[in-house]
Amino acid sequence: MKTLIKNGTVVNATGTANADVLIDGEKIAAVLEPGSKLIGFDIEGSVDNVIDAKGKYVIPGGVDAHTHMEMPFGGTNASDTFETGTRAAAWGGTTTIVDFVVQYPDQKPLEQYHAWHGKADGNCAIDYGFHQILSDVQDASLTAMDDLIKEGVTSFKLFMAYKGVFLSDDGQILRAFQKGAENGALMMMHAENGAVIDVLVKQAIEAGNTTPYYHGLTRPWQAEEEATHRAIMIANLTGAPLYIVHVSAKQAVEQIAHARDLGQNVFGETCPQYLYLSLEDQLGASSKEWGDFEGAKWVCSTPLRARGEGHQHHMWQALRTNDLQMVSTDHCPFCMKGQKDMGLGDFSKIPNGIGSVEHRMDLLYQGVVEGNISLERWVEVTSTTPARMFGMYGKKGVIQPGADGDVVIYDPKGHTSIGLNKTHHMNMDYSAWEGFEIDGHVDTVISRGKVIVDGGNYIGSKSDGKYIKRGLSQYLI
Ligand code: DUC
Ligand code: ZN
Ligand code: ZN
């Protein structure tokens, strides 16, 4: 199968050009001057499929490096399976995800890795890789890190919160980071001070403050800043590269920026919810159906932060200045009925998570429209940097000869209305993004040379996606 995308505006992280893109089989074969012929050879006449992208952007497929499809968590499972979640991702212009294999205490990382293959293989609409969560750092887990790297799992997430579920103590973090420094793995951190949060949560519940708003109040920015600083110091001590996930507090960004200024290999990701949504929105949320439990729709950790404190503005700024390097979703969807409602009367029992895998490319494009980031930076933070950060660049994250034919045709004159009865395809009974309007539209999505979304219609199949054996982070020397 050969496809020619003609007359489009090709946007890479490095620049924008009017060019035609030729895809041959699964790979990009050439990026050509518009209408050019190869040594007199009529390209258009020789291909199977011609797509006219006049007036549209031709960008590398989105790479969402933080998802939790069907993750067992909070007494239930994230509501998107690999099948439903990757299909929704495709609709939204994301052609690669990196999902988290979970090791709970007493589980063996390699067994869990194979279990995740059991769930994902043959069920994904787009390509997928895995990180590994380590919740039980002892000798066997450290040895498993070497084995997992050989399988293409080159990044490992630890938690400083969720005692008894995920939390590692500082000594365990030190040991895992020592291993990362030795084998080149990128160490990822959920940076919140769990002990402080657990006491604040207990005090809030005892005082009768049980509504979802208190989820945010009991996970204050100080807990995020302190944990971010501690993780950076342990990484500094060991020499491990460190990636802080889902940064939401401006003070945590400052910690990351400071470490980077001093030359440390520290990176940070934020998520659409921390760019657009706020604690004040959550406080004001109320509906006929749920009353003030409506706010449960936005219970996630790290939590939404106060707009009055300027966190959202600071996240956009940090993305512009590269104090933060990329945007993932932390896609962890739960339905209100039967899942989030487990926390009626006690916010601490609400499963933590928001579903956004379908909307990340659009929501970040709106940042271009509103002057928060440039067009090229949009591509960089949603595709190119995630591909480089997690050892996939060259195949993913760029439109160039030899790269995978993962291409999105994005219409800047199109429009996308987000909402449950509109564009929503995730397996959730509500949208955390209800009512968001985007001045752009994902028209066509091509995954390794195959058109899987055409004019907004999904035409792929659930076994299109392949496992990606990732290399080490390309930001390391
Ligand atoms: N945060 C969430 O909101 N959900 C999953 C795990 C996490 O760290
Ligand atoms: Zn986390
Ligand atoms: Zn997560």
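Me: Which helix gives the most to the lining of the largest pocket?
Reply: That's helix H6 (residues 194-206), which puts four residues into the lining. Bear in mind that the model is predicted. The largest pocket holds about 400 Å³ of space, and among its 19 lining residues Tyr162, Asp198, Arg219, Ser348 and Asn352 are the closest to the centre.

Me: How do the residues of that lining divide by type?
Reply: Nine are nonpolar, six polar and four charged.

Me: What about the second largest pocket: how much space lies there, and what lines it?
Reply: About 170 Å³. Its lining includes Trp91, Glu358, His359, Asp362, His425 and His441. By type, the lining splits into two nonpolar, seven polar and three charged residues.

Me: On to the metal. Which residues coordinate the zinc ion (ligand 2)?
Reply: Lys157 through NZ, His190 through ND1 and His246 through NE2, at 2.1 to 2.4 Å. A donor has to sit within 2.8 Å of the metal, so those distances qualify. The zinc ion (ligand 3) is 3.9 Å away from the zinc ion (ligand 2).

Me: What makes the arrangement around the zinc ion (ligand 2) tetrahedral?
Reply: The angles. The four donor atoms subtend 85 to 129°, and the label asks for all angles between 85 and 135 degrees. For reference, the ideal angle for four tetrahedral donors is 109.5 degrees.

Me: What spacing do the donors of the zinc ion (ligand 2) follow along the chain?
Reply: K-x32-H-x55-H. Lys157 belongs to strand E11 (residues 155-159), while His246 is in the loop between strand E13 (242-244) and helix H9 (250-261), so this pair ties together parts that are 89 residues apart in sequence.

Me: Why is Lys157 called buried?
Reply: Its relative accessibility is 2%, and buried means under 20%. So Lys157 passes.

Me: Which residues of helix H12 are buried?
Reply: In helix H12 (residues 311-321), the buried ones include His311, His314, Trp316 and Leu319.

Me: What follows H12?
Reply: Asn322, with a positive phi near 70°.

Methods: Residues numbered from 1 in each chain as written. Chains lettered and ligands numbered in written order. Predicted model: local features only at pLDDT ≥ 70, side-chain atom pairs only at ≥ 80, totals over all residues. Heavy atoms only, no water. Donors = N, O, S within 2.8 Å, 3.2 Å for Na, K, Ca; no water. Tetrahedral: all angles 85-135°; square planar, octahedral: opposite > 155°, others 65-115°. Helix = DSSP H or I, 4+ residues; strand = E, 2+ residues; numbered from the N terminus. Buried < 20%, exposed > 50% of the residue type's maximum accessible area, 1.4 Å probe, protein only. 1 Å grid on protein atoms, 1.4 Å probe; cavity = no way out; pocket = protein on both sides within 12 Å on 5 of 7 lines; lining within 4 Å. Points joined across faces, edges and corners; volume = space filled by probe spheres on them. Nonpolar A, V, L, I, M, F, W, Y, C, P; charged D, E, K, R; others polar.
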